[in-house]
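Notebook open, viewer open. I want to go through the charged pairs, then the strands, then a few single residues.

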Amino acid sequence: HDMRVLKVGGLVILIMAVAGFAGAQAPKPAGYHLLEKHVLGGEGGWDYLALDGRTRLLYVTHGSAVEVLDIDTGVKGQAIAGLKGVHGVAFAPERNRGYISNGRGNSVSVFDLKTHEILAEVPSSGQNPDAVMYDAFSGRVFTFNGATANATAIDAATNKVVGTVAIGGKPEFAVTDGKGTIFVNNEDTSEVVAFDAKTLQVKARWSIAPGEGPSGLAIDLKNKRLFSVCDKVMVVSDFVKGKVVATVPIGGGPDAVRYDAGTGLVFASNGEGTLTVVKQESADKYTVLETVPTAPRARTMELDLKTHHVFVVTAEFGPAPTPTAEQPRPRPAVVPGSFMVLEFGR
C-alpha cells in the first residue's frame, strides 16, 4: 500500500492508494492460439476425435473412414477405411483394442490399436450409435444410440452385446467415474443420466437447467464435478449430490468439452468458430479467461493432457447454395481436400 499525508489548513487527510487497484482484477488470459494446421483431406462429414495418449495418435472420424494423425510429428497415417457413417472412437489399451461407432451401420468396428486392422463387427442393440466409450471397471464398451434413445453394453472380452440401457431421450456424450457409474447427457430432456455399468440400471437423473440440449460432457474426478455444454452455457454439476452448482457463459453451438486437471482449465469448442477457455477457481467457481477464434463448425475437440494442446476439426467452405422450398437453409459445401485439424496451445 502507498500511504500519503496531505495537510490542508488545520485538517490532516490520510490518503491510501492501493497499488494496481482498479476494481476487481481481470483474470489473466491463458494465451491459447493456433499452433498448427494439419490438412487431412478426404471426403464426408465428421464428428468426434479421440487421442490415444500412449501412441500419440489422434483418431478423427470422417464419413466412411477414421483419419489418423501423429500429433508429435504431424504425419498423417493410413486411414481406417470401409466404415459406415462413423461418429466416435474409444480405446481399451490393456486389450490393445479400439472401437469405432458406425452410425449408419448400427454397429461397432473393433480394431487392433497397433496394426489398425478391423478384427470384428459387433451389431448394436440400438440404432445410430453415436458416442462410444470404454469403461475399464466393467470391461465393457458402451454406445449411445441417437435414434433409439438407449445405450448398448458390449462385453469387450467376447465382443457380445450384454444389455441395453433406456436413457429416456437422445443420449449424447458420456463419461465414467472409473468406479462403476456412467454419466450421459440426455439432449431431449436436458438432464444428466447416471447408470450402473454392471447392472445397467439407471441410478439417478437430474436437470441441468438453465442449460438446454446438452451435447459434450467432461468429468473432474477429484472434485466430483461434471461439465455439460449447451448453446452458450456450460453447466457444472456435483455428480455425488446430483445437482447444478455453477453455470459459465460460452460460445454458440458447442459439441465438446474437455477438463484439464493439470492446469485447472476447462475448454468448450463452439460451432460458431470459437474456443472458450475457462479457469476452475474452485470446485464451484469458474471464470472465463478468453475466447479464442478457431474456425466455423469447429465444434468437436480433443485435449492432449501431456502438452495441454487442444485439437479441433473443421474444413473450408464454399458459398452457400441458393435457398429452396425443400432446403430453406442450405449448408455451404465443403471445399474438396480441405478437411483439417487445428492445433492450439499456449
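**Salt bridges, the count.** I started with the total and got 11 salt bridges, taking a salt bridge as a side-chain nitrogen of Lys or Arg within 4 Å of a carboxyl oxygen of Asp or Glu. Side chains of opposite charge can pair when their charged atoms come close.

**Ground rules.** I have to keep in mind that this is a predicted model, where local features need pLDDT of at least 70, side-chain atom pairs count only at pLDDT 80 or more, and totals for chains, interfaces and linings use all residues. Residues are numbered from 1 along each chain as its sequence is written, and side-chain values use heavy atoms, with hydrogens and water left out.

**Confidence.** I checked pLDDT, the predictor's confidence in each residue from 0 to 100. The protein averages 93, and 93% of the residues score at least 70. Where does pLDDT stay under 50? I found residues 1–8 and residues 12–23. For residues 1–8 the model has 21 contacts beyond four places in sequence, a contact being heavy atoms within 4.5 Å. For residues 12–23 I also read 21 such contacts.

**Lys170 and its partners.** I clicked on Lys170 and found a salt bridge to Glu172, with the closest N and O atoms 3.7 Å apart. Lys170 also meets Glu187 in a salt bridge, at 3.4 Å from N to O. For the labels, helices (H or I, at least four residues) and strands (E, at least two) are DSSP runs, numbered from the N terminus.

Next I looked up accessibility, where buried means under 20% relative accessible area, exposed over 50%, and partly exposed in between (1.4 Å probe, protein chains only). Glu172 is buried at 6%, Lys170 is partly exposed at 27%, and Glu187 is partly exposed at 25%.

**Glu302 and Arg258.** I put this pair's salt bridge at 2.7 Å, N to O. Glu302 lies in strand S27 (residues 301–303) and Arg258 in strand S23 (residues 254–260), so the pair ties together parts that are 44 residues apart in sequence. Both Glu302 and Arg258 are buried. I also noted a salt-bridge network linking Arg56, Asp72 and Asp304.

**The S4-S5-S6 sheet.** I traced an open sheet of three strands in the order S4-S5-S6, paired antiparallel. Which strands are at the edge? They are S4 (46–52) and S6 (65–70), each pairing on one side only. The twist averages 20° from one strand to the next, using axes that are lines fitted to C-alpha atoms (for helices over the stretch in contact) and angles from 0 to 180 degrees between N-to-C directions. S4 and S5 (residues 57–62) pair over five bridges; two strands count as paired if DSSP finds at least two bridges between them. Leu51 stands opposite Leu58 in S5.

**The S13/S14 hairpin.** S13 (residues 150–155) and S14 run antiparallel and are joined by six bridges. I see Ile154 opposite Val161 in S14. The hairpin has four residues between the strands, and Asn159 takes a positive phi near 60° there.

**Asp47.** Back in strand S4 I picked Asp47, which is buried at 11% relative accessibility. Leaving aside neighbours within four places in sequence, I listed its contacts, among them Thr61, His87, Asp130 and Asp255. Asp47 and Asp130 are 83 residues apart in sequence and 8.9 Å apart in space, C-alpha to C-alpha.

**Arg225.** This residue lies in strand S20 (residues 225–230). Is Arg225 buried or exposed? I read 7% relative accessibility, which makes Arg225 buried. The Arg225 side chain makes a polar contact with the side chain of Asp284 at 2.9 Å, and reaches the backbone oxygen of Asn223 at 3.0 Å. By definition a polar contact is a pair of N or O atoms within 3.5 Å; within protein, one must be able to donate a hydrogen and the other to accept it, and residues adjacent in sequence count only if both atoms are side-chain atoms.

**Pro210.** I ended in the loop between strand S18 (202–207) and strand S19 (217–220), where Pro210 is placed. Pro210 is exposed at 58% relative accessible area. Pro210 and Lys160 are 50 residues apart in sequence and 39 Å apart in space, C-alpha to C-alpha.
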